Amino acid sequence: ADTMAGSPSAVQALLRRVWEPAKTAAAKELKAIEALASADPLFPQAAPVEPWDWRFYAEKVRQTEFDLDEEAVKPYLALENVLGAAFDVAGKLFGLRFVEVTTREGTPSYHPDVRIFEVRQSDQQSELVAVFLFDTFARPFKQSGAWMSEFRTQHYAEKEEGGGRVFPIVINNNNFVKSTAGSGRPPLLSLDDATTLFHEFGHACHGMLSDVRFERLAGTSVLRDFVELPSQLMEHWLLQPEVLSAHAKHWETGEPIPAGLVAKIEAAQLCGKGFGTVEYLSCALVDQALHALPASELEGLDLADFERDQLARLGMPPQIIMRHRLPHFQHLFSSSAYAAAYYVYLWAEVLDADAFDAFLESPGGCFDQETAKRLRSCIYASGGSVEPGQAFRNFRGRDPSVVPMLRKKLGLTSKETAATTSPQAANC
């Protein structure tokens, strides 16, 4: 099979192992939501919580239980500081330094907002590894969302052309909002936006650090359920104490982010994870079920009926709806690459959680140099030249474990994690 999972049964095993714990976590969240809703004089008495109520009261739960105001975090996440943090992480992990160049120095740019950086090794040779473009602001007619792409993919030139490494030209696009002209305030990011920046930068590092012969196997040209590993893994460094203390500073005063605010952010990491996991997993499970249908059953298929029947079979909580309903679920039909592949994000979470544990288990912590060296050579540099399961084993020394993901995503203890391997949990 052209996926790391190898078979539909392996995908089902992972999805079903997480499904019941996710519903349990969502049920706990529901109790807190119901308590707040019943105390709200504007909420109809004795009425059940409906899907359209969930996010409203979930935010109130977050504010009440964790006293975390997103607006209080933003002043410490100025765009320039977060970008500097990403560059610093790449420097400490991979020995990279980012040197900004300007159009005045003869470097062309397609828009004034685009910033251009030479990416060089921090050694005496100062080898040019890549060129990195950063197109971060929203503007008219620009595609929405955030993504990484390449203007030139890494490869090695033919012998008659010198045979050397041809450096890639990589770009990160975001759609952050510019500061109001004359306000004197830099662009400030939410924690979600900062995570997105780190995520896309992880994809960029995958492209920039590529070191294979052929373009077809370079950088992000890997199997669909492996490509999110380098990006999701990079997200882990954003909230590391070493990174926050160095870069999360108030844009006006320069004061570092208070320890109390960091503690609130950490405590709130699991807030709403049950809901988010259920709305995601329901899509992934229905996606698998739809693609498992024989061709003879597709003619005249009523998607609404199919969706309803599948959700009933899964025991979908009525207070939560699928993140993407079937008629507008682009992953199902936008291209063959994503057919039956919505599961890849969870698969990558298994990989990234386990991979980051390799750093936490190392004597040097999150910037352990031996672990970082293996990470670069086995994951970020190898592209599709090595089978992804083998690439992970080369880095980790074993197959990936689902345990770190269950701990990180749903806060499961070792005992609870072990329970998910039971036949009852595996065959929900």
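Keep in mind throughout that the model is predicted.

I'll start with the aromatic rings. The structure holds 22 aromatic pairs. I will take two of them. A pair of aromatic rings is described by the distance of the centres and the angle of the planes. Trp54 and Phe275 are stacked, with 5.2 Å centre to centre and 25° between the planes. Trp54 belongs to helix H2 and Phe275 to helix H9, residues 273–291, so this pair ties together parts that are 221 residues apart in sequence. Trp54 and Phe275 are both buried.

The second pair is Phe132 with Phe201, and this one is edge-to-face: the centres are 5.9 Å apart and the planes are at 80°.

Lys92 lies over the face of Phe367, 5.2 Å from the ring centre. Over the ring of Phe167 sits the charged end of Arg152, 4.5 Å from the centre.

Asp113 is found in the loop between strand S1 (96–101) and strand S2 (115–121). Is Asp113 buried or exposed? Buried: its relative accessible area is 14%, and the cut-off for buried is under 20%. What does Asp113 touch, leaving aside its neighbours within four places in sequence? The contacts are Phe134, Phe137, Arg139 and Lys178. With Phe134, the separation is 21 residues in sequence and 8.4 Å in space, C-alpha to C-alpha. With Lys178 there is a polar contact between the two side chains, at 2.9 Å.

Next, helix H14, residues 388–396. Its buried residues are Pro388, Gly389, Ala391, Phe392, Phe395 and Arg396. Why are they on the same side of H14? Because they cover an arc of only 160° around the axis. As a reminder, an α-helix has 3.6 residues a turn, so residues three or four places apart point the same way. The buried residues of H14 pack against helix H6 (229–235), H12 and helix H13 (369–380).

Both ends of H14 have something to show. At the start, a side-chain oxygen of Glu387 comes to within 2.9 Å of the backbone nitrogen of Gly389. Just after the helix, Gly397 has a positive phi of about 85°.

That brings me to the backbone angles. Most residues other than glycine have a negative phi, and most peptide bonds are trans. Ala46 has a positive phi of about 65°. Where is Ala46? In the loop between helix H1 (8–38) and helix H2 (51–66). Ala46 is exposed, with a relative accessible area of 84%. The other alanine is Ala340, with a positive phi of about 55°. Ala340 is also in a loop, the one between helix H11 (330–333) and helix H12 (344–360).

Terms used: Residues are numbered from 1 along each chain as its sequence is written. This is a predicted model: local features need pLDDT of at least 70, side-chain atom pairs count only at pLDDT 80 or more; totals for chains, interfaces and linings use all residues. Side-chain values use heavy atoms; hydrogens and water are left out. Helices (H or I, at least four residues) and strands (E, at least two) are DSSP runs, numbered from the N terminus. Buried means under 20% relative accessible area, exposed over 50%, partly exposed in between (1.4 Å probe, protein chains only). The arc is that of the directions from the helix axis to the C-beta atoms. Contact means heavy atoms within 4.5 Å. A polar contact is a pair of N or O atoms within 3.5 Å; within protein, one must be able to donate a hydrogen and the other to accept it, and residues adjacent in sequence count only if both atoms are side-chain atoms. Rings of Phe, Tyr and Trp (its six-membered ring) pair if their centres lie within 6.5 Å; planes under 30 degrees apart count as stacked, over 60 as edge-to-face and the rest as tilted. A charge sits over a ring if NZ of Lys or CZ of Arg is within 6 Å of the ring centre and within 35 degrees of the ring normal.
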